[in-house]
Amino acid sequence: MFECAFLPFLQSQSCESLRDPIDQCTAHTLSACISLCFANQSVDVSYDYEMLPSRKPKFLAQTAAHVSGAAYYYQTSDIHNPPWGEKMFGVCVHPQLGGWFAIRALLVFRDVQAGAGFQQRDPADCVCTQEERIRLLESFNLRWRDWSYRDIVPAEERYSDQQKQYFITPPGQRRALLRQWGYLTDTQS
């Protein structure tokens, strides 16, 4: 996504009024894909950054990934005697991508109906042992900046060093980083 969509998007767009460049790239790319591939379909799109008037997320991205069968959402409830006193947040893991992915949007195809024989597919449970699940949740909650939770299973693809640098940079400093890389000019602050 980063090298194939995001960086080319920055090069081709005027980024003057970007609320968040990743969000704008995601919206632009999905809109183009839906127009090209599903022009005759009614598709509702919700983005991970959208909020309801109550300031709650429009959808729970990790729960949606789990329910759709895309990735397994590991939570404290997956641990038989959790060793923590405090709440641990859950995290999704994909069998081929590990934790090296993001859930940016939810697409609902309004006119698509599942037939009577449709069976929901469970997500692949690829973090199988209690020890691995504990390590996953601890890594995600306590050491997320070291990226180790993403490697809980061998991944076919990982973020590039440039992508990692972008996402580890605090959001308020990302424009300066993009400017340093030559993707934004001083007039595009």
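User: Which backbone oxygen lies 2.8 Å from a polar atom of the side chain of Asn141?
Analyst: That of Leu137. Polar contacts here are N or O pairs within 3.5 Å; within protein, one atom must be able to donate a hydrogen and the other to accept it, and residues adjacent in sequence count only if both atoms are side-chain atoms. Note that this is a predicted model: local features need pLDDT of at least 70, side-chain atom pairs count only at pLDDT 80 or more, and totals for chains, interfaces and linings use all residues. Numbering runs from 1 along each chain as its sequence is written, and side-chain values use heavy atoms, leaving out hydrogens and water.
User: Which backbone nitrogen does the Asn141 side chain reach?
Analyst: The one of Phe89, at 2.8 Å. Asn141 itself is in helix 4 (residues 130-142); helices are DSSP runs of H or I, at least four residues, strands are E runs of at least two, and both are numbered from the N terminus.
User: Switching to Thr76. Where is it found?
Analyst: In the loop between strand 2 (72-74) and strand 3 (91-93).
User: What does Thr76 touch?
Analyst: Pro82, Trp84, Met88 and Leu137, leaving aside residues up to four places away in sequence. Contact means heavy atoms within 4.5 Å. The backbone oxygen of Met88 also lies 3.3 Å from a polar side-chain atom of Thr76.
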